[in-house]
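Here are my notes on this model, point by point. Please read them with the structure open.

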Amino acid sequence: MVSWWLKSSGVGAVLWQSGSGNIICSLRRNLSSSSRLRSSMPAWVIDEYGNNGVLRFTEDATAPSVNSASEVLIQVHAASLNPLDISMRGGYGSNLLKLRRDPVSLGQNGGEFPIILGRDVSGVVLDCGSGVTHFKPGDEVWAAIPPWKQGSLAEMVNLTEYEVSHKPRSLSHREAASIPYVAATALSALVNAGGLCRNNCTNKRVLITGASGGVGTFSIQLLKAWGAHVTVTCSHNAEGLVRGLGADEVVDYTVGDVATELGLLEKFDVILDNVGGDSEQWALGLLKSWSGAKYVTLVTPFLLNIDSMGLLEGAVHSGLNLHQKAITNMCNGVFYRWGFYAPDGPALDEVSQLVDAGKILPVVEDTFLFSQVPLAFQKVERGHARGKTVVTVAQEEEGTGVTEEEGESSDTPEQVREEVRQAAPKS
């Protein structure tokens, strides 16, 4: 079972084959406990939108601090990457996200930089605002970071109390960092848009397309914990993974006509579409008509429309598009919905309980060191994920994940900074 969620431990050497030769990187990272006292911090940033070449390591990123009563300052121990990070690196959603970060920036160009990517965090609370009641310094926490906030590929991150949850006790930070963003996305799609919950899932038939990625592997486990019957589509080499996570039926989309094969099965109550494209054209016909069945897609044109048409025209166009599809499919007896990520710390509290009860496992495909962030982006960009790609930012204590080799002492923070500086691409 361990092999499903951990192919590369991130300890020791990681070999990168590139046109310029083999780069072997084996540095470890150990962050200073005085992080909150500094005005700057190490981080990976982008100063413009583009490909992997825009990633830049700096030791002088502005360190966050607690500025309001509800804020929580977190020392990052581990982060993970999602396809959204690849898209945001290229400018996806920049018009709306820039406005969300700074409402007075409307019409300005470049004011959002530098941006720190990374939507998942697992770490330790450093400081809390005066109104925070659920957390205290020293607490181990995890969270999904909203796309409009600075991300977790840094030493520290600042969130509100309502976006943070206590980390599952049974997981290391490295394992925990693989879950929050996909959990928040899946819960928003399945619960808010799909109408499912732990009290109504028994014997419900759910189809998940593109089920081997982060959202898919989490959704399988969540739905099985709630008692649903789960059918998934994936490639043949991911079948063992999804069956091991609890999928009842698996359809290989690389062999034959997936729509025809799924059409031979009993109709579904809910479809969660992680693929998009032409899948929408045939998937809607697989739902039970006139029984409250829902099709929920996570691949929506909303941000793309705003990027290409502008805020007002893009939002109006998207609203009309959704309305037209919803009305058309309602006439055919099914509901058509768009699913969106929504930050929700209390929802992660429930997930934490399921994890500690052994009902949800972290599915980690690869782990990279903090100096290897560009390699981690390359891994995610290749697609065909079998779980999540994690970045270890701070070294964990013995017994909780990434550990030191026997007889080897930790590098000092100064030594680690020098190793990161030498390994990272220069601006």
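1. Leu312, Glu313, Leu320, His323, Gln324 and Cys331 are exposed on one side of helix 11. The buried residues of this helix are Gly314, Ser318, Asn321, Ala326 and Asn329. Seen down the axis of helix 11, these buried residues fall within an arc of 125 degrees, so they line one face of the helix. The exposed set lies on the other side. The general rule behind such a pattern is that an α-helix has 3.6 residues a turn, so residues three or four places apart point the same way.

2. Helix 11, cover and length. Helix 10 (302-309) and strand 15 (335-338) are among the elements that cover the buried residues of helix 11. The helix runs over residues 311-331, 21 residues in all. At 1.5 Å a residue it should span 30 Å, and its end C-alpha atoms are 30 Å apart, which agrees. Glycine 333 follows helix 11, with a positive phi near 90 degrees.

3. Confidence. Keep in mind that this is a predicted model. The mean pLDDT of the protein chain is 85, and 82% of the residues reach 70 or more. Residues 397-417 have pLDDT below 50, although the model gives this stretch 37 contacts beyond near neighbours in sequence. Residues 423-427 also stay under 50. For residues 423-427 the model has ten contacts beyond four places in sequence.

4. Overall make-up. The protein chain has 14 helices and 17 strands. It has 427 residues, and 53% of them count as buried. Take the contacts with a separation of 6 or more: 72% of them are between residues 24 or more positions apart. The accessible surface is about 18600 Å², and carbon and sulfur atoms account for 52% of it.

5. Helix 12, buried side. Which residues of helix 12 are buried? They are Gly345, Ala347, Leu348, Val351, Ser352, Leu354 and Val355. They cover an arc of only 160 degrees around the axis, which puts them on the same side of helix 12. Their cover includes strand 7 (140-144), strand 9 (164-166), helix 5 (180-193) and helix 6 (214-225).

6. Helix 12, length and ends. The twelve residues of helix 12 (residues 345-356) should span 16 Å at 1.5 Å a residue. The end C-alpha atoms are 17 Å apart, which agrees. At the start of the helix, a side-chain oxygen of aspartate 344 comes within 3.1 Å of the backbone nitrogen of alanine 347. Just after helix 12, glycine 358 has a positive phi of about 80 degrees.

7. Asparagine 52. This residue sits in the loop between strand 3 (40-46) and strand 4 (55-62). Is asparagine 52 buried or exposed? Its relative accessible area is 15%, under the 20% cut-off, so asparagine 52 is buried. Its side chain makes a polar contact of 2.9 Å with the side chain of arginine 89. Leaving out residues up to four places away in sequence, asparagine 52 touches Arg89, Pro374, Phe377 and Gln378.

8. Leucine 117. The loop between helix 3 (94-101) and strand 6 (120-128) holds leucine 117. At 2% relative accessibility, leucine 117 counts as buried. Residues up to four places away aside, its contacts are Trp44, Ile46, Asp85, Met88, Arg89, Gly151, Ser152, Leu153 and Phe377. Leucine 117 and proline 147 are 30 residues apart in sequence, with C-alpha atoms 8.3 Å apart.

9. Backbone points to check. Most residues other than glycine have a negative phi, and most peptide bonds are trans. The peptide bond from phenylalanine 113 to proline 114 is cis, with omega near -5 degrees. Proline 114 lies in the loop between helix 3 and strand 6. Asparagine 203 has a positive phi, near 70 degrees. Asparagine 203 is in the loop between helix 5 and strand 10 (205-209), and counts as exposed at 65% relative accessibility. Tryptophan 290 has a positive phi too, near 55 degrees. Tryptophan 290 is in the loop between helix 9 (279-283) and strand 14 (294-297). With a relative accessible area of 65%, tryptophan 290 is exposed.

Notes
Residues are numbered from 1 along each chain as its sequence is written. Side-chain values use heavy atoms; hydrogens and water are left out. Helices (H or I, at least four residues) and strands (E, at least two) are DSSP runs, numbered from the N terminus. The expected span of a helix is 1.5 Å times one less than its number of residues. Buried means under 20% relative accessible area, exposed over 50%, partly exposed in between (1.4 Å probe, protein chains only). The arc is that of the directions from the helix axis to the C-beta atoms. Contact means heavy atoms within 4.5 Å. A polar contact is a pair of N or O atoms within 3.5 Å; within protein, one must be able to donate a hydrogen and the other to accept it, and residues adjacent in sequence count only if both atoms are side-chain atoms. Accessible areas come from the Shrake-Rupley method with a 1.4 Å probe; for residues, only the protein chains shown count as cover. pLDDT is the predictor's confidence in each residue, from 0 to 100.
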